[in-house]
Amino acid sequence: LNCAVWLEDGIEVPILSHSRLHAGGGVENVTSLGRKAAISGWIRTRVVARTIDSIVRMYSLGESAVLVVKLDLEGAEPHAFRGARETIGSGRAVFLFEDHAGDASHASTKAAIEAGLQVFAFDEGGLRLVREASDAGYYKAGIKAGGVNFVAVAPRAHRQQRKVAAC
């Protein structure tokens, strides 16, 4: 599936990628990639956007399937969460997402919480609830480049997991 994961279907989004590098590319107007376009090896292209909801519908995994969605979208994660309302509302999705170390606003974590998800950070003692977006800063402290992975689930799904764990 060659598309950008976005908040709405069908629009074309500008992508900047490198001919030899995997990381560092992304949707050009979301990230600070514009300045890279002038450097050798960076390529501009346009792709059609799809929402997570439409991708889930396209693959129609059935009503009882648990979905695991990994988002590493180089800063476009907030847009992806806004395009996943149905999937989030189903209570059957687990999101693994990256919040970029250099993003002091913690936009990815904030978008997940605003979408109604409970966000958890990986810690030495297991998973820890991230109550506010600013709490993500604690887990990102000391990270100079890249990002930190978090887990997000609908509150209903989290309660169901606890019931299963208690059996």
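How much accessible surface does the protein have, and what share of this surface belongs to carbon and sulfur atoms? The accessible surface comes to about 9500 Å², of which 53% belongs to carbon and sulfur atoms; such areas are computed by the Shrake-Rupley method with a 1.4 Å probe, and for residues only the protein chains shown count as cover.

## The model and its overall make-up

This is a predicted model, in which local features need pLDDT of at least 70 and side-chain atom pairs count only at pLDDT 80 or more, while totals for chains, interfaces and linings use all residues. Residues are numbered from 1 along each chain as its sequence is written, and side-chain values use heavy atoms, with hydrogens and water left out.

The protein contains six helices and nine strands, which are DSSP runs (helices are H or I with at least four residues, strands are E with at least two) numbered from the N terminus. Of its 167 residues, 42% are buried, where buried means under 20% relative accessible area, exposed means over 50%, and partly exposed lies in between (1.4 Å probe, protein chains only). Among contacts (heavy atoms within 4.5 Å) between residues at least 6 apart in sequence, 67% join residues at least 24 apart.

## Helix H4 and its cover

In helix H4, which spans residues 107–114, the residues Ser-108, Thr-109, Ala-111 and Ala-112 are buried. Viewed down the axis of H4, the buried residues fall within an arc of 160°, so they line one face of the helix; the arc is that of the directions from the helix axis to the C-beta atoms. In general, an α-helix has 3.6 residues a turn, so residues three or four places apart point the same way.

The cover over the buried residues of H4 includes helices H2 (77–82) and H5 (136–140), together with strands E6, E7 (118–123), E8 (126–130) and E9 (147–153). Just after H4, Gly-116 takes a positive phi of about 95°.

## His-100 in strand E6

His-100 lies in strand E6, which covers residues 93–100, and it counts as buried because its relative accessibility is 18%. Its side chain makes a polar contact with the side chain of Glu-98 at 3.4 Å. Leaving aside neighbours within four places in sequence, His-100 is in contact with Glu-74, Gly-75, Glu-77, Lys-140, Gly-146 and Gly-147. A polar contact is a pair of N or O atoms within 3.5 Å; within protein, one must be able to donate a hydrogen and the other to accept it, and residues adjacent in sequence count only if both atoms are side-chain atoms.

## Salt bridges

The structure holds five salt bridges, each being a side-chain nitrogen of Lys or Arg within 4 Å of a carboxyl oxygen of Asp or Glu. In one of the five, the side chains of Arg-46 and Glu-12 meet at 3.2 Å, N to O. This pair links distant parts of the chain, with Arg-46 in strand E4 (residues 42–50) and Glu-12 in strand E2 (residues 12–18), 34 residues apart.

Another salt bridge joins the side chains of Glu-86 and Arg-57 at 2.7 Å, N to O. Glu-86 lies in helix H3 (residues 85–89) and Arg-57 in helix H1, so the pair ties together parts that are 29 residues apart in sequence. Arg-57 is partly exposed, with a relative accessible area of 47%. Arg-128 also forms a salt bridge with Asp-123, the closest N and O atoms being 3.5 Å apart; Arg-128 is partly exposed at 36% relative accessibility, and Asp-123 is partly exposed at 32%.
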